[in-house]
Amino acid sequence: MAAQLPPAELEALKAAFNNFDKDKDGKLSKADIEATLKEMGGDAALSSREGAALMAKADSNHVEFDEFVALKCEVLKQNQAAEEEETKFVFNQFARSKTAKGEAAVSIADAKHGLNLGGNKWEEAYEKAFHHADTDKDGLLTFAEFKRYLDEVQ
Ligand SMILES: [Ca+2]
Ligand SMILES: [Ca+2]
C-alpha cells in the first residue's frame, strides 16, 4: 500500500504520523490519537471521519504506520469517488447526445442549451473551451474528456 504513494506524500504521512505519536514508540495508542485530535481542534488536515477511523482502530490495538497509511489511502479513495460522483452528476445534466459508440456525451449544442449560452458574450470563449476539452475533436465531450478538462482547469 505504502509503495503506491509518491515519496512526497509518504513523507507528509510520516510527519503526520510522528506528530500523532506523542510518546514516540512508533505506534499510535488511543491516548496519542486523542491528544493529537484535541490539539488540532478539528483541523481540516484530518477529517473527522479519519479521526473516527483511527480511534476505532486504536480501540482494539495500536495503529501502526502501515495502518495509518492504509487509512489515509482509504479516505483519499472515498474523497475521489465522491468527487467523481459529483462530476458525473453535472455531466449528466448536459449529456443529451451519444458518441458513435453509444457513450453518453455532451455536444456543443447540449452545452449551450444547458448553460443558456445562445448568443451571449460568453459563447465564443465557451466554444474555445469546448474544443480544447474535446481532445479527439469529434465535436462531443465524453465523460472522460469532461473530467480531464475539469482536472486541468481546477
Ligand atoms: Ca505512541
Ligand atoms: Ca470528444
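## Contacts and overall make-up

Of the contacts in the protein chain with a separation of 6 or more, 47% are between residues 24 or more positions apart; two residues are in contact if their C-beta atoms, placed from the backbone, lie within 7 Å. This is a predicted model, in which local features need pLDDT of at least 70 and side-chain atom pairs count only at pLDDT 80 or more, while totals for chains, interfaces and linings use all residues. Residues are numbered from 1 along each chain as its sequence is written, and chains are lettered from A and ligands numbered from 1 in the order in which they are written.

The protein chain has seven helices and three strands, taken as DSSP runs numbered from the N terminus (helices: H or I, at least four residues; strands: E, at least two). Along the sequence their pattern is α-α-α-α-β-β-α-α-β-α. Of the 154 residues, 16% count as buried (20 or more other C-beta atoms within 10 Å of the residue's own; 12 or fewer is exposed, in between is partly exposed, and C-beta atoms are placed from the backbone).

## Confidence

The mean pLDDT of the protein chain is 85, and 89% of the residues score at least 70; pLDDT is the predictor's confidence in each residue, from 0 to 100. Confidence is lowest in helix 3 (residues 48–60), with a mean of 71, and highest in strand 3 (residues 140–142), at 97.

## Helix 4 and helix 7

The axes of helix 4 (residues 65–94) and helix 7 (residues 143–153) come within 10 Å and cross at roughly 120 degrees. Helix 4 is therefore oblique to helix 7. Axes are lines fitted to C-alpha atoms, for helices over the stretch in contact, and angles run from 0 to 180 degrees between N-to-C directions; under 35 degrees is roughly parallel, over 145 roughly antiparallel, 65 to 115 roughly perpendicular, and the rest oblique.

Helix 4 contributes T87, K88 and F91 to the contact, and helix 7 contributes F143, F146, K147 and L150. By class, these are four nonpolar, one polar and two charged residues (nonpolar: Ala, Val, Leu, Ile, Met, Phe, Trp, Tyr, Cys and Pro; charged: Asp, Glu, Lys and Arg; polar: the others, Gly among them).

## Two residues

F146, in helix 7, counts as buried because it has 21 C-beta neighbours inside 10 Å. Not counting residues up to four places away in sequence, F146 touches F91, V106, A133 and L141. F146 and A105 are 41 residues apart in sequence, with their C-alpha atoms 9.0 Å apart.

H113 lies in helix 5 (residues 108–115) and counts as partly exposed, because it has 14 C-beta neighbours inside 10 Å. Its C-alpha atom is separated by 8.1 Å from that of F94, 19 residues apart along the chain.
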